[in-house]
Number of protein chains: 2
Amino acid sequence: MSFLQTLTTFATPQPQTTKYVKVLHRPSGFNEAVQSMQYAVRGQLVLRAQELSRQLDAGAELPFSSVIYCNIGNPQSVGQTPITFIRQCVAAVTCPSLLDTSALPSDVISRAREFLEDSHGVGAYSESKGVYSIRKRIAEAIARRDGYPSNPDTVYLSNGASEAVKALLQITIRNSQDGVMTPIPQYPLYSASLTALSGRQVGYYLDEQNDWSLNIHELQRSLDNARVEGTQVRAIVVINPGNPTGQVLSRENMEDIIRFCERENLVLMADEVYQKNIYTKEKPFISFKKVLRDLNSPVELASFHSVSKGVMGECGLRGGYVELVNTERDVEELLYKVMSVSLCSNLVGQFAMDLMMTPPKEGEPSYELYKTETDGIFNDLKSKAAMLCDSLNTLAGVTCNKSEGAMYLFPRIALPEKAMIEAKKRGYACADVLYCMELLDATGICVVPGSGFGQKEGTLHFRTTFLPPKEAIDDVMKRLRKFHEQFLLSYS
Amino acid sequence: MSFLQTLTTFATPQPQTTKYVKVLHRPSGFNEAVQSMQYAVRGQLVLRAQELSRQLDAGAELPFSSVIYCNIGNPQSVGQTPITFIRQCVAAVTCPSLLDTSALPSDVISRAREFLEDSHGVGAYSESKGVYSIRKRIAEAIARRDGYPSNPDTVYLSNGASEAVKALLQITIRNSQDGVMTPIPQYPLYSASLTALSGRQVGYYLDEQNDWSLNIHELQRSLDNARVEGTQVRAIVVINPGNPTGQVLSRENMEDIIRFCERENLVLMADEVYQKNIYTKEKPFISFKKVLRDLNSPVELASFHSVSKGVMGECGLRGGYVELVNTERDVEELLYKVMSVSLCSNLVGQFAMDLMMTPPKEGEPSYELYKTETDGIFNDLKSKAAMLCDSLNTLAGVTCNKSEGAMYLFPRIALPEKAMIEAKKRGYACADVLYCMELLDATGICVVPGSGFGQKEGTLHFRTTFLPPKEAIDDVMKRLRKFHEQFLLSYS
């Protein structure tokens, strides 16, 4: 063992020489709100999965040879190949000497040169909102998408969409009486951020019986309830396409939501990061911005987007943006200030967002390959979504709505009474945690319990992605079926 | 004008169709703490500078032909060239097809392959703390630096150091009685974050008469004062090398600070992002971790580092880390949870941090060029620091301590009474704002008023970087001298 290995392997003993008492300790030494935060997609299941992965790497004998991560929408971690055009452009701006080689297509070179001319390169802080010319091109792409103008000054680039969501919530929540409506089930970024801000999560249920649709009467019920309880409801989060549910909103439904916001004086926070992941012809993606403008509505809107989803799935680059619509100048300035304390989002992520919004056009040298790669990934996602859903529906006690969009399925599972009792005994929040934990230990499949997203009382679910390669999904289903039968048997 | 230009140039009129009243508006519609935040390095001066830059781009006639940004430590925005080794490695992992060309040195290729084998590439979310093998190599580098072990599990990679600082403060501040000691002057990340968290900033003055040194009696005075006022002082921030002051702490001084923390039960937050920017032989950089271990002290320590500084200056990549030392397991888990809500920091930044901590070694193919480039930048910084300081000291009423480290000078300026009156009339917080604003308008030089960092009452300063190329610094001094004389004259 080398000197350095010795240094990093063993902790030094630390004899207490003074009366020093640790300042940061549970329960009273931490910020309470932060302690209460829950974030299931990176929670105990995932930590256990990482532990099992390391055991396998170290040669341990487990009932499976690999952990399959279906817990998170992280396509490249389960084998999806990056889009060549994006990577060539990023490499070219990172290492501009590549521009002088003949290794890159001419449109890649011109996109890279344009970025380098309009910025100080990927190594310099940009303006806090992001490089101006990138925001301008993104605004143009939004305008093309919606047929309505977009203002580059109200587009804010961020490290993934998460950072922008957190900044908006931070501005919105003024005190512990303030609340924000979120779907149930929802993506835990919203619940966790609201908890950290000591704000209130005002849940509205999506209708599982009707393909997880969003019922406007349920919105009203939830809002009225919250108000009776003294909550100042400030905003509503709508995730379209849905996470974890995969539902896509109809235009009618979106109009109703906007009128609801107008009537009830709410900010609309539209999580639209899965806008390119739509697998049904009947419901194309329509942005809330477009419907808002069509209705000529004054509702304040924040629309979020990200390079992590779509078919690029460039999660690790951490690119994203929020567009503010109908907001007052002062909120725009305040958001600028919040973003400026982090200086700016990373420049590679900014550039990737730019490329995602304005991909190669027909006739450009990179177009054919770009189209082949993106179509391939898209069609693959679409067929895997259907395939996994169909299989899940063949399991005893499992019902699963089809995924119209996004990257997830959220099957409902009926579990025997004995499993409920066992879960309680082990101190789990819900019996779906027991199910997912045993699934992981028996098969290496990592999914997230429905309780991490919220669900109607008395129902149990889990969320799974359909991102692994087809062969792996076949394998998942085989392992899952065997486990499921044994689980039901052992708790029957 | 094209259709798209029309779309993006003009805002649509929005006739109010309902009783909708904007939810997010000043003063009562925002989170109050966030509104109160101040962040001078990206504040009104900088917005004005950006405005002037755009005017110049549009062909406006101004008294100068370019804006010189001396407001922020952003080397590549003022012409510093990226280090080839870093950029080659990043390009190779971004676009792995480059690995098969002969364009890259063999050590670049092996570093890139190692990264790709140990991770899912730059396009996948990593573990929330960062890629394990990167944290392991960083821990090894820390161990080499200090001669003490470092645990990869308590190294957290972040988007720049800022994100980690904010996360630590978020955990530490429990309520509006809690406070954190910060130097005065300080880097406004600390004051802004504390304000946003409704915590208290407990300032301790650095001693300008003695080269901005940190006096332990002043620490005690500040702490005792705060306690009398009912503040629960939880931690102390020490910036070494100093920002904006450039002072480097002596080992003795550091020992005193650690003993102070021990006696008074404080967490030590050590901002060590300028550890490679030391321009004095008498005071080499020593990490707080090393002194802590030498003293066998139980004090909880968080040490921050970043790829944005040093000689790389890769600000736009947003890489950074915090190492926790002597902390309880539960605070480590809590920090993990906070970081996990953002999923992970950007992978390019993670890899850049890795490369910065373990650069090419003697004998490796990239070593010679790496050494030439980094030595060149370092020597240039060192001589520009001395040159600008000497020049500043020749101006009437200006005294400037020399910069022992970091990237800044913080000259004190004596301004005439009439300037004070004029500043008050214009509603500026301090007369140094007037000075900096007029400097910008007259010369295009953008610096930050001392009041943005905090300063002893009755004193005025500004912070300037010494990052622009030598010729530009000559030019800065010429423009500044002329302006300074005229300013004194016009307010005399």
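**Exercise 1. In which loop of chain B is B:P27 found?**

Solution. The model is predicted, so local features need pLDDT of at least 70 and side-chain atom pairs count only at pLDDT 80 or more, whereas totals for chains, interfaces and linings use all residues. Residues are numbered from 1 along each chain as its sequence is written, chains are lettered from A and ligands numbered from 1 in the order in which they are written, and side-chain values use heavy atoms, with hydrogens and water left out.

Step 1. B:P27 is located in the loop between helix 1 and helix 2 of chain B; helices (H or I, at least four residues) and strands (E, at least two) are DSSP runs, numbered from the N terminus.

Step 2. The bond that leads from B:R26 into B:P27 is cis, with omega near -5 degrees.

Step 3. A further cis peptide bond links B:N243 to B:P244, with omega about 15 degrees. B:P244 belongs to the loop between strand 5 (232-239) and helix 10 (251-264) of chain B.

Step 4. Most residues other than glycine have a negative phi, and most peptide bonds are trans.

**Exercise 2. Describe the interface of chain B and chain A.**

Solution. Step 1. Chain A contributes 115 residues and chain B 114 residues to the contact, defined by heavy atoms within 4.5 Å.

Step 1. The buried area is about 9,900 Å², with 56% given by carbon and sulfur atoms; the term denotes the accessible area (1.4 Å probe) that two parts lose on being put together, summed over both.

Step 2. Four salt bridges cross the interface, the criterion being a side-chain nitrogen of Lys or Arg within 4 Å of a carboxyl oxygen of Asp or Glu. One pairs A:R26 with B:E333, the closest N and O atoms being 3.5 Å apart.

Step 3. Helix 12 (residues 329-340) of chain B supplies eight residues, the largest share of the side of chain B that touches chain A.

Step 4. The side chains of B:R26 and A:E333 likewise form a salt bridge (3.5 Å, N to O). Since B:R26 lies in the loop between helix 1 (3-9) and helix 2 (32-36) of chain B and A:E333 in helix 12 (residues 329-340) of chain A, this pair joins two chains.
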